[in-house]
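Please read it alongside the sequence and the coordinates.

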Amino acid sequence: MNNQHEWPPVPGDFDVNDSSHSVAICTLGKRIEILGKYAIAGSCKTENIGIERVIINVISNPNIRFLILTGPEVPGHLTGRTLRALFHNGVDPDTRKIINAEGAIPYIENVPLEGIQRFREQIELVDMINILDSTVIQEKAALLAEDNPGPYPKEAIWIEFKAASRKTRQASVSANIIMLPEYGVLLEHTSSLVTKQEAHATISDHPSPITIEVRSSDTGTLLVVKEE
Amino acid sequence: MFVFKKEQQIFDFGGISVGGHPGENPTVLIGGLFFKGQPIVEDTKKGTFDKSLALEWIDTATSMVEKTGHPLMIQAYGRTPEAIVNHLTWLSEHFKGPILFESINAAARQRAIEFCDEIGIHERVIYNSINLSMKEEEKEALKNSSLDMAVVLGWSPRATSLPDRLKTIIEMVDVAREIGVKKILIDPATLPVGAGYGLEYRTTIAVKSELGLPTCLGPHNAPSAWRFIKQPDFNDESIQTSSVVASTVAAQLFATDAIMYGSMIRTKEVFIAVSLISNAIATAIAEANSVLGIDRLFFDPPTHQ
C-alpha cells in the first residue's frame with residue numbers, strides 16, 4: 001500500500017480491522033458486528049453512491065481479494081443485487097448504467113472505467129445476500145482467508161471521491177436562492193442543498209471572477225478562495 | 001425537495017418513523033375523525049357516530065396506505081370527556097396505528113390522557129397539543145401519565161416574525177421536555193388565508209434547517225375557513241377537496257413530515273395526490289443526493305406504471 005495515503009480513502013459506516021487482510025465484508029442495509037479478522041466491514045445502502053464508495057475503498061487496497069456480500073437486501077434500491085450485477089456485467093461505458101442491474105438508479109458516475117474494471121478483477125465476490133448471522137459470516141471470512149492468493153499484483157488505485165456537485169456548484173452567492181434571509185439560509189439550486197449564506201467578497205473579475213468566502217466549520221473559520 | 005445541512009431527527013411514533021430529510025421517510029398523513037359536521041357524527045356531546053361508515057373510512061385509508069406506502073395516523077376529536085372516551089375506545093379497537101387526540105375542552109383532553117393510560121395504548125397515542133395556553137393542571141396530568149409523544153404547537157399571537165415564531169417553538173419544546181415528552185412533532189400552526197397563511201410553510205423550513213426536528217401541519221384549516229370557496233358557485237365537494245389537496249401537497253413540498261388533511265372523507269384524493277408528489281420528490285432527491293455524494297436511503301414510492 002502507498003504510505004502517502006491513508007486507507008480507507010472514503011469515510012463511511014464501517015469498521016477497519018486489519019488492512020493487510022484479504023477479506024472485505026459488505027453488510028448492505030444494516031451494520032452487523034463481526035468478530036474475527038477481516039480488512040473492512042460495513043454497510044452499503046444505495047445502489048450508486050454506496051457502491052462507488054465500496055469500489056474506491058477496495059481498489060485502494062490490493063490486499064483485499066474477496067468481497068463478502070451479505071446482510072439484508074435494501075428494499076427498492078436492491079443494492080446487493082446491483083453490486084452483484086456490477087461484478088458480473090460491469091457498466092455501459094456511455095451511460096455508466098450497471099448492466100442488467102435491478103436497482104432503482106444503478107449508475108456508477110464517480111469512479112473511472114478503469115477503476116470499475118480493476119474492482120471486478122481484484123476481488124472474488126462471495127454472494128451471501130440476506131444472511132444476517134454474524135457467526136456464519138465470520139466463519140466464511142476465515143475460510144476465504146485460507147485461500148488468499150496474495151495481494152493483487154498491481155499498485156493500489158487511489159481515487160479522490162468527490163461529488164459531481166463540486167464541479168458544478170455555484171461559487172457566487174447571488175446565484176443561489178435566498179430562502180430565509182432572517183437566518184441567512186440559502187438553497188443551492190445546483191444541488192438542492194439548504195445551506196448558510198457565507199460572507200464573501202469578489203476580489204477580481206478579470207480574466208475570471210475570483211471570490212473569497214468566509215466559512216465556519218467545526219474546526220474553525222476558513223477563508224476559501226475560488227476562481228469561477 | 002430540499003437537502004438540509006442540519007442533521008435531521010427521526011422519531012418512532014407507534015411504529016411509524018417521522019422526520020428526517022425530505023423524501024427520506026414517506027410523508028405521514030393524519031386523517032381526522034369525529035369532527036363536527038362530518039357525516040359520521042351523530043351526537044357530539046355523547047360521542048355517538050355511524051360506526052359502519054367510520055369503519056368504511058378506515059378500511060379505505062388502510063387500503064391507500066398499502067397502495068402508496070404513506071403511513072396513516074388518525075386524529076380523534078371529542079367535544080366532551082364522554083365523547084372523547086367513546087371515540088378512543090372504538091378507535092383503539094378498530095385501528096392499530098398511531099392515534100392523536102384533540103379537544104377544545106381541557107376536561108376532555110385530561111380525561112383522554114387518563115383513559116389512554118388506563119387502557120394501555122400510550123405507546124401509540126400522541127397528545128395534541130402542547131401550547132402556550134396549556135394550564136398547569138393539564139401539564140401535571142400529562143407529566144404523571146405514561147404518554148411521551150406530543151404535538152408541540154409553536155404559535156403565539158405576539159410572535160409575528162420568523163425569529164419570534166422560532167423562539168416560541170424552542171420555548172414550547174422546552175416545556176414539552178420538562179413534562180416528560182420525548183417524541184415531538186412541531187406544528188407551527190396554520191393561519192387563515194390573508195391573515196398569515198403561508199408563514200407556517202416558511203416556519204417548517206426554519207424548524208428543519210435550524211432545529212432538525214420533525215414537523216407537522218394542519219394546512220386544510222386554511223381552505224376550510226376560506227370565504228372565497230364558501231360562495232354558492234364554489235361551495236361543492238370537488239372544489240373543497242381540491243383546495244384541501246393543494247394545501248396538503250404544498251406542505252409536503254415545504255418539508256412537512258406529517259400532515260393533517262382534515263376529514264377522512266377525502267382520504268383517497270389526498271393519498272393519490274401525495275403519492276404523485278412523493279414520486280417527484282424521490283426522483284429529485286435521488287439526483288440531489290447523487291450530486292452531493294450522499295449515501296442515504298430515501299422512500300421509494302410505487303410508481304404504479
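The axes of helix α3 (residues 106–118) of chain B and helix α4 (residues 136–143) of chain B come within 9 Å and cross at roughly 10°, where axes are lines fitted to C-alpha atoms, for helices over the stretch in contact, and angles run from 0 to 180 degrees between N-to-C directions. This is a predicted model, in which local features need pLDDT of at least 70 and side-chain atom pairs count only at pLDDT 80 or more, while totals for chains, interfaces and linings use all residues. Residues are numbered from 1 along each chain as its sequence is written, and chains are lettered from A and ligands numbered from 1 in the order in which they are written. Helices (H or I, at least four residues) and strands (E, at least two) are DSSP runs, numbered from the N terminus.

**Helix pairs in chain B**

Two packed helices are described by the angle between their axes and the distance between the axes. The table sets out two such pairs.

| Helix pair | Crossing angle | Axis distance |
|---|---|---|
| α3(B) and α4(B) | roughly 10° | within 9 Å |
| α5(B) and α6(B) | about 60° | 10 Å |

On these angles α3(B) and α4(B) are therefore roughly parallel to each other, whereas α5(B) and α6(B) are oblique; angles under 35 degrees count as roughly parallel, over 145 as roughly antiparallel, 65 to 115 as roughly perpendicular and the rest as oblique. The crossing of α3(B) and α4(B) is left-handed, and that of α5(B) and α6(B) is right-handed; a crossing is left-handed if the near helix is turned anticlockwise from the far one by less than a right angle, and right-handed if clockwise.

In the α3(B)–α4(B) pair, B:Ala106, B:Arg109, B:Gln110 and B:Ile113 of α3(B) meet B:Glu138, B:Ala141 and B:Leu142 of α4(B), a contact being counted when the C-beta atoms of two residues, placed from the backbone, lie within 7 Å. The residues of this contact divide into four nonpolar, one polar and two charged, with Ala, Val, Leu, Ile, Met, Phe, Trp, Tyr, Cys and Pro taken as nonpolar, Asp, Glu, Lys and Arg as charged, and the others, Gly among them, as polar. In the other pair, B:Leu162, B:Arg165, B:Leu166 and B:Ile169 of α5(B) meet B:Arg202, B:Thr203, B:Ala206, B:Val207 and B:Glu210 of α6(B). That contact has five nonpolar, one polar and three charged residues.

**The sheet of chain B**

An open sheet of eight strands in chain B has the order β11-β10-β9-β8-β7-β4-β13-β12, with parallel pairing; two strands pair if DSSP finds at least two bridges between them. Strands β11 (183–187) and β12 (216–217) of chain B stand at the edges with a single partner strand each, so one side of each is left without a neighbour in the sheet. Five bridges join β10(B) to β11(B), and B:Val152 stands opposite B:Ile186 in β11(B). Three bridges join strand β8 (residues 99–102) of chain B to β9(B), where the bridge partner of B:Ile99 is B:Val125. Six of the six residues of strand β9 (residues 125–130) of chain B are buried, so this strand is largely enclosed by the rest of the structure; a residue is buried if 20 or more other C-beta atoms lie within 10 Å of its own, exposed if 12 or fewer, and partly exposed in between, with C-beta atoms placed from the backbone.

B:Gly154 lies in the loop between β10 (149–153) and α5 (162–178) of chain B, and is buried, with 29 other C-beta atoms within 10 Å. Leaving aside neighbours within four places in sequence, the contacts of B:Gly154 include B:Arg165 and B:Ile169 as well as B:Ile186.

**Chain A and its contact with chain B**

Chain A comes to five helices and 11 strands, and 38% of its 228 residues count as buried. The contact between the chains takes 26 residues from chain A and 24 residues from chain B. On the side of chain A, α1 (49–59), β6 (177–180), β7 (185–188) and β8 (193–196) each supply at least two residues, and by class this side has 14 nonpolar, nine polar and three charged residues.

An open sheet of four strands spans the chains in the order β6(A)-β7(A)-β8(A)-β1(B), with mixed pairing, and its edge strands are β6 of chain A and β1 of chain B. Two bridges join β8(A) to strand β1 (residues 3–4) of chain B, which run parallel, and A:Val194 has B:Phe4 as its bridge partner in β1(B). Helix α6 (residues 199–211) of chain B lies across β6, β7 and β8 of chain A together with β1 of chain B, running at about 90° to β6(A).
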